[in-house]
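Please look through the sequence and the model shown below before reading on. The report that follows takes up a few of its features in turn.

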Amino acid sequence: MEDNVPTGYEKIALHGSLMYGNNLNTIEAGANRTSIYLYFNQSFGNVNVLIYDSAGNLCYSGMLNTDGQQAFIIPIFSTASGTYYVVLDNANGYAEGDFNKESN
């Protein structure tokens with residue numbers, strides 16, 4: 001199976017109903033000190049992306065159109081080190097996972 005998360009990113013284990021589609025590993029994700037990488041192996045239309053810190057504070061909110069693009073990079077260089085929680089959702093479901101960010 002092909003790994004679409006680039007070298008230098010630690011994989012984020014995503015769980016949820018948005019993960020299930022025609023292929024295994026429908027969404028792949030990774031994080032490093034400066035960004036989160038998301039790769040969609042199939043189109044999910046518009047997908048909301050929310051990133052929270054360990055205290056539950058919203059650190060990022062955005063929408064991705066997966067119809068025209070497969071890979072996305074979300075900058076997180078201005079966030080402090082610690083544990084973060086990423087949520088992807090749309091009308092068809094959600095996927096979620098957590099990751100640790102090292103200091104820059």
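How many salt bridges does a search of the whole structure find? The search finds two, where a salt bridge is a side-chain nitrogen of Lys or Arg within 4 Å of a carboxyl oxygen of Asp or Glu. The model is a predicted one, in which local features need pLDDT of at least 70 and side-chain atom pairs count only at pLDDT 80 or more, while totals for chains, interfaces and linings use all residues. Residues are numbered from 1 along each chain as its sequence is written, and side-chain values use heavy atoms, with hydrogens and water left out.

Through shared partners, salt bridges join Asp3, Lys11 and Glu28 into one network. Accessibility is described in three classes: buried means under 20% relative accessible area, exposed over 50%, and partly exposed in between, with a 1.4 Å probe and protein chains only. Asp3 counts as partly exposed at 46% and Lys11 is partly exposed at 48%, whereas Glu28 counts as buried at 4%.

Strand β2 (residues 27-31) is mostly covered, with five of its five residues buried. In a regular strand the side chains alternate between the two faces of the sheet. In β2, Ile27, Ala29 and Ala31 point one way, and Glu28 and Gly30 point the other way. Two strands pair if DSSP finds at least two bridges between them. Strand β1 (residues 10-12) runs antiparallel to β2 and is joined to it by three bridges, with Glu10 opposite Ala31. On strand β3 (residues 35-40), the pairing with β2 is also antiparallel and covers five bridges, and here Glu28 stands opposite Tyr39. β2 and β3 form a hairpin with three residues between them.

**Aromatic pairs**

Rings of Phe, Tyr and Trp (its six-membered ring) pair if their centres lie within 6.5 Å; planes under 30 degrees apart count as stacked, over 60 as edge-to-face and the rest as tilted. By this rule the count comes to four aromatic pairs, including the two in the table.

| Pair | Centre to centre | Angle between planes | Arrangement |
|---|---|---|---|
| Phe40 and Phe72 | 5.8 Å | 85 degrees | edge-to-face |
| Tyr84 and Phe99 | 5.8 Å | 20 degrees | stacked |

Phe40 lies in strand β3 and Phe72 in strand β6 (residues 71-75), so their pair ties together parts that are 32 residues apart in sequence. Tyr84 lies in strand β7 (residues 82-90) and Phe99 in strand β8, so that pair ties together parts 15 residues apart in sequence. Phe40 is buried at 1% relative accessible area, and Phe72 counts as buried at 9%. Ring pairs also link Phe40, Phe44 and Phe72 into a cluster.

Notes: Helix = DSSP H or I, 4+ residues; strand = E, 2+ residues; numbered from the N terminus.
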